Amino acid sequence: MEWQLIEIAPKDGTNVLVWAAPAHGLLGFIALAAYDQDAGWCVDELREATHWMPLPTPPAIQPDK
């Protein structure tokens with residue numbers, strides 16, 4: 001999986017990983033996010049999401065015996 005520009009991320013409510021770039025002396029970070037039609041990519045009040053990637057496949061979980 002490669003990081004892609006946020007402009008081409010799905011805007012249908014799908015959860016994805018987003019990268020919020022460093023700003024205002026704060027470190028960048030990765031977050032789980034979904035696009036909201038009214039609010040956009042809400043990840044932080046001071047930073048904007050710049051890149052995204054699909055979520056990895058979750059691990060297989062064995063049922064309790």
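This report describes the fold, strand pairing and surface of one predicted protein model.

## Confidence

The structure is predicted. The protein chain has a mean pLDDT of 90. Of its residues, 98% reach 70 or more.

Strand S1 (residues 4-5) has the highest mean, at 97. Strand S3 (residues 29-33) has the lowest, at 93.

## Overall shape

The protein chain has four strands and zero helices. Along the sequence, the pattern reads β-β-β-β. The radius of gyration is 14 Å, while the globule rule gives 11 Å for 65 residues, so the protein chain is more spread out than a compact globule.

The C-alpha atoms give another view of this shape. Along the principal axes, they fill a box of roughly 50 × 25 × 20 Å.

## Strand pairing

Which strands pair with S4? Strand S1 is joined to strand S4 (residues 49-53) by two bridges. These two strands run antiparallel. Strand S2 (residues 16-20) also pairs with S4 in the antiparallel sense, over four bridges.

Leu5 has His51 as its bridge partner. Trp19 stands opposite His51 as well.

## Contacts and surface

Take the contacts in the protein chain between residues at least 6 apart in sequence. Of these, 53% join residues at least 24 apart.

How many of the 65 residues count as buried? The share is 22%. The protein chain exposes about 5,000 Å². Carbon and sulfur atoms supply 57% of that area.

Note on methods:
Residues are numbered from 1 along each chain as its sequence is written. This is a predicted model: local features need pLDDT of at least 70, side-chain atom pairs count only at pLDDT 80 or more; totals for chains, interfaces and linings use all residues. Side-chain values use heavy atoms; hydrogens and water are left out. pLDDT is the predictor's confidence in each residue, from 0 to 100. Two strands pair if DSSP finds at least two bridges between them. The radius of gyration is taken over C-alpha atoms; the globule rule is 2.2 Å times the number of residues to the power 0.38. Buried means under 20% relative accessible area, exposed over 50%, partly exposed in between (1.4 Å probe, protein chains only). Contact means heavy atoms within 4.5 Å. Accessible areas come from the Shrake-Rupley method with a 1.4 Å probe; for residues, only the protein chains shown count as cover.
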